[in-house]
Protein chains: 2
Amino acid sequence: MQELSKNKKEKTTPRIGILGGGQLGRMLLQEAANYPVETYVLENDDECPAAHLCHHFTKGDIKDFDTVYQFGKGLDAITIEIENVNVEALEKLEAEAVKIFPRPSVLHIIKDKILQKQFYKQHQVPTADYRITKDLSALQKSESFLPAVHKLSTGGYDGRGVQVINTKDDIPKGFDAPAVLEKWVSVQKEIAQIVAINEKGESALYPPVEMLFDPQLNLLDYQLCPADINEQTLWKVEAIALSVARNFASPGIFAVEMLIDKNGDVLVNETAPRVHNSGHHTIEANYCSQFDMLWRIMLGYPLGNTEPIFPSIMVNIIGAEGFDGDVIYQGLEEVLAIEDAFVHLYGKKQTRPGRKMGHVTILSKEKQELFHQSIRVKKTLLPISRHPSIPR
Amino acid sequence: MQELSKNKKEKTTPRIGILGGGQLGRMLLQEAANYPVETYVLENDDECPAAHLCHHFTKGDIKDFDTVYQFGKGLDAITIEIENVNVEALEKLEAEAVKIFPRPSVLHIIKDKILQKQFYKQHQVPTADYRITKDLSALQKSESFLPAVHKLSTGGYDGRGVQVINTKDDIPKGFDAPAVLEKWVSVQKEIAQIVAINEKGESALYPPVEMLFDPQLNLLDYQLCPADINEQTLWKVEAIALSVARNFASPGIFAVEMLIDKNGDVLVNETAPRVHNSGHHTIEANYCSQFDMLWRIMLGYPLGNTEPIFPSIMVNIIGAEGFDGDVIYQGLEEVLAIEDAFVHLYGKKQTRPGRKMGHVTILSKEKQELFHQSIRVKKTLLPISRHPSIPR
């Protein structure tokens, strides 16, 4: 009788694991606490932002087959907060009826920029012209294709593994490994749109956001929602984002990054098949956040409402240049006193230049207020350390 | 050098404990994840709603002196999610420079309904007329004071320890222990207002909410924000709530429960010196939630913005009559599909009649929509168990 009741309990509370314990895992777990779910996290660092917010933390390498397989065995479902995980282990788990969000077949494509490009072409998704270069000598033969962007097929992340090749003089900066050489696009705007797909294949679109990047770090700086685009462009963007997400044939959250060129054409840049930096504002700015939405998908609940409550700007708070060590948040008090600002700090103990330490979302019906306050936040709130680091 | 750096780190990340690990602790910890803070929870049940969301969970009795003292030693600050804690241990900790929110002197008054009544009188806070009855024989001598409400001085909670004494025939139902006999008030409305006070003595008021109680369980059912009261009454309510909170001479969150009688007079019913059921809607309906606000107070940050984003109704989701056991949420899918509803389930494994299992907040500018959807939620979402319980 006791045994029976235990089995019943195990059936009624779903056990769901997250590969990776950074800020995305942290925000996922903040939302998980609205639902009956038992949460598991796998991550190498037991002081990571998500470690203390789950029911069961496992210290281990998300890139290792055995570690991922052992972690996933017996769970009902698994999601990721980074693509760079052991896909083979997820394939085996999927074959053993653990649900994976997104499916391993999606990760297989996304992790390899060559396969990702080919996927877009195969599905008639507009994307910048490209060539595949298997090594540096192949790049040298592509002078006529310049200016272009060279993207390492695997292993690139947050600006690493991407190199602009304007002229043949830049060719030595290219990668001597399989890569995509993408024709330079004259960008008018960068757009991202998050699409949610559930197991029934139903979909929901968040309003697209407009992004500005820090040219040095290639990190997201300001992000306006909804994007300032005309209706025709919006329709194109939505049709493309939805088509990308549907063609992956997997439930999950898909952040589709797009470029609008000077002619108004919309080109897909890349897709993240997971909760994403471009959806952080949805925590306060939309009825159902991207994090809530992923739980709804994994738990088999109805999709949530993606309507915005107010327009927003989201600002990433990144480690200040010249500081490396125990973090101190300079300007935090001033930013916390801004009436329409929502502050999220990720609890990382150490800052370093360019590290994502938090984000701030401003909500307002007034665009001027959004820009004014977000620029103020960016200038004011600086993750520094007690002593400047030694110049390298 | 290593030692020095460790000390520095210990100084920069505040360590804050919560006595009690129920839904209030759970929601506090969801918000804590926006700030750099190391969290501790003390609670007897290691499967309680808050146990897995803190850095350090201690299983132990919040009413035991040694347990509370050992838990609190070395922390920077402590807060509570229930008044029924060991106040003597908190007094000792306060003397040893641990900050307590609210101060133990407040808990001392609040925990004892006689002292609480005397406190209101002493500070000229309007409250219903009362007598102190030290036992049942004292109650018997109070026939001329009826109809009245008999409230046990200590140990009452969620409707227990409160008894309506309409006529002398009801007197045997009264308490044979120290109690307050409060003159019956003809209630027009029940109001609650949350006041935040920081260590500098600065204050912020949330808009008052209007409550309807379930007469049988004395549990909060629907709660409208802002309350539907005229400006004169609002001013009275605000002045009284602020006066109560200030007179406690302590930083913290204070939920002041008030009655408006048929003459429009405002009377304080009681105060909870902590985050409170009457502030759950602030998670989505206000810029700064009551939970966020308490962290701001404890971490020495500026007070947050209490302005509402939208009007709201909050509905408590309580265990359905006749069910006792592993919970199943009947109607959850239908409620999750309501576009302006925000669902919070507390992760309690067992339901029983009247137990608070979750809450749902509806946001809308349209009052009709608020009422329509909240009544629908209340009727639809029922925590039941697989088998009805045996009638008692």
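Reader: At about what angle does helix α6 of chain A run to β9(A)?
Author: Bear in mind that this is a predicted model, in which local features need pLDDT of at least 70, side-chain atom pairs count only at pLDDT 80 or more, and totals for chains, interfaces and linings use all residues. Residues are numbered from 1 along each chain as its sequence is written, while chains are lettered from A and ligands numbered from 1 in the order in which they are written. Helices (H or I, at least four residues) and strands (E, at least two) are DSSP runs, numbered from the N terminus, and axes are lines fitted to C-alpha atoms, for helices over the stretch in contact, with angles from 0 to 180 degrees between N-to-C directions. Helix α6 (residues 113–122) lies across β6, β7 and β9 (179–183) of chain A, and its angle to β9(A) is about 50 degrees.

Reader: Which strands stand at the edges of the open sheet in chain A?
Author: Four strands make up that sheet, with antiparallel pairing in the order β6-β9-β7-β8 (chain A); to pair, two strands need at least two bridges between them in DSSP. The edge strands have a single partner strand each, so one side of each is left without a neighbour in the sheet. The twist from one strand to the next averages 25 degrees. The edges are β6 (130–133) and β8 (162–165) of chain A.

Reader: What is the bridge partner of Val149(A) in β8(A)?
Author: Start from the pairing: β7 (residues 148–152) of chain A and β8(A) are joined in the antiparallel sense over four bridges. Across from Val149(A), the partner in β8(A) is Val164(A).

Reader: Over in chain B, how many bridges join strand β10 to strand β14?
Author: Strand β10 (residues 187–197) of chain B also pairs with β11 (residues 203–205) of chain B, antiparallel over three bridges. In that pairing Ala196(B) is opposite Ala204(B), and in the hairpin, with five residues between the strands, Gly201(B) has a positive phi near 90 degrees. On the β14(B) side, Val187(B) faces Asp261(B). Strands β10(B) and β14 (residues 252–261) of chain B run antiparallel, and the number of bridges joining them is 10.

Reader: How many residues of helix α10 in chain A are buried?
Author: Here buried means 20 or more other C-beta atoms within 10 Å of a residue's own, exposed means 12 or fewer, and partly exposed is in between, with C-beta atoms placed from the backbone. The buried residues of α10(A) include Phe291(A), Leu294(A), Trp295(A) and Ile297(A). Just after the helix, Gly300(A) has a positive phi of about 75 degrees. Helix α10 (residues 290–299) is mostly covered, and of its 10 residues the buried count is nine.

Reader: Is Ala97(A) buried or exposed?
Author: Ala97(A) is in the loop between α4 (87–95) and β5 (99–101) of chain A. Its phi is near 80 degrees, positive in a residue other than glycine. Because Ala97(A) has 7 C-beta neighbours inside 10 Å, the label is exposed.

Reader: And Ala249(A), buried or exposed?
Author: Ala249(A) is in the loop between α8 and β14 (252–261) of chain A, and takes a positive phi of about 50 degrees without being a glycine. With 12 C-beta neighbours inside 10 Å, Ala249(A) counts as exposed.

Reader: What is omega for the cis peptide bond between Cys225(A) and Pro226(A)?
Author: Pro226(A) is in the loop between β13 (219–225) and α8 (231–247) of chain A. In chain B, a cis peptide bond joins Cys225(B) and Pro226(B), with omega about -5 degrees. For Cys225(A) and Pro226(A), omega is about -5 degrees.

Reader: Which C-alpha of chain B is nearest the axis?
Author: Copies are superposed by least squares on the C-alpha atoms of residues with pLDDT of at least 70 in both. A rotation of 180 degrees with 0.0 Å of shift along its axis puts chain B on chain A (RMSD 0.0 Å). The two copies are therefore related as by a two-fold rotation axis. At 2.2 Å from the axis, the nearest C-alpha in chain B is that of Leu53(B).

Reader: How many residues does chain B bring to the contact with chain A?
Author: Two residues are in contact if their C-beta atoms, placed from the backbone, lie within 7 Å. Among the elements giving two or more residues to the side of chain B that touches chain A are α1 (2–12) and α2 (23–32) of chain B. Chain A gives 30 residues, and the number from chain B is 30.
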